[in-house]
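Here are a few notes to read alongside the model. Please keep the structure open as you go through them.

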Amino acid sequence: MPLDVTVERLIPLPPATVAAYAMDWRHDSEWTRGIRTATLTREADGGGFGVGAEVTRTARFLGRSFSYVLRVARHDPPTVLDMVSVAGPMPMRVTYTFEPTQTGTFARIRVRGGFRLTGPLMSRQVRGALTADLRALEGRLGR
C-alpha cells in the first residue's frame, strides 16, 4: 500500500512571501523538522534552482538518519514546487502548493511514496511531521 499524505494550513501572509521562503532549499532545515542539512548538488540546466536541479537532504525520521536526493520536476513560483526522489532509501514525491486566499496563503504539502513500512501507523507519523512543518513554516515567517 503506497503512502499518500496531504496536510494543509492557512498562513496569513501573501503567497509570494510564503513560497519564496518555502521553495528555497537553503531554508529546508529551518522549517522542515526532520531535515538536518540540504545541499544543492546539481543546478538546473539554465543554472541555479529550477526544473532539473537536485537537492541532497540528510534527514532524521523515526530514529534513523538517511540521505536522499530530490530532483525538481516542476517549479512554478509562487504556486508549485514538485520534487521526485532520484536516490535514497525509498521512492517518493514531495509537492508543495501555495494558493492565494482573501486572508493569506493556503499552503499544502503532499508526500507520496512506496515506503517499506506503509500503512496507518506510517501515515500518522508522516502526517504529524508534515503538520509540524507547516506550523514551523508559519512561525519562521511570523517573526
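1. A nonpolar core is a set of buried Ala, Val, Leu, Ile, Met, Phe, Trp, Tyr and Cys residues joined through side-chain atoms within 4.5 Å; buried means under 20% relative accessible area (1.4 Å probe, protein chains only). This is a predicted model, where local features need pLDDT of at least 70 and side-chain atom pairs count only at pLDDT 80 or more, while totals for chains, interfaces and linings use all residues. Residues are numbered from 1 along each chain as its sequence is written, and side-chain values use heavy atoms, with hydrogens and water left out.

2. The largest nonpolar core has 37 residues, and Tyr 96, Phe 98, Ile 109 and Leu 137 touch the most other members. Helix H3 (residues 120–141) gives this core its largest share, six residues. Helices here are DSSP runs of H or I with at least four residues, strands are runs of E with at least two, and both are numbered from the N terminus.

3. Look next at Ile 109. Beyond its neighbours within four places in sequence, Ile 109 is in contact (heavy atoms within 4.5 Å) with residues including Val 5, Trp 31, Tyr 96 and Leu 134.

4. Which residues of helix H1 (residues 15–22) are buried? They are Pro 15, Val 18, Ala 19, Tyr 21 and Ala 22. These residues lie on the same side of H1 because they cover an arc of only 165 degrees around the axis, taken from the directions from the helix axis to the C-beta atoms.

How values were computed. Buried < 20%, exposed > 50% of the residue type's maximum accessible area, 1.4 Å probe, protein only.
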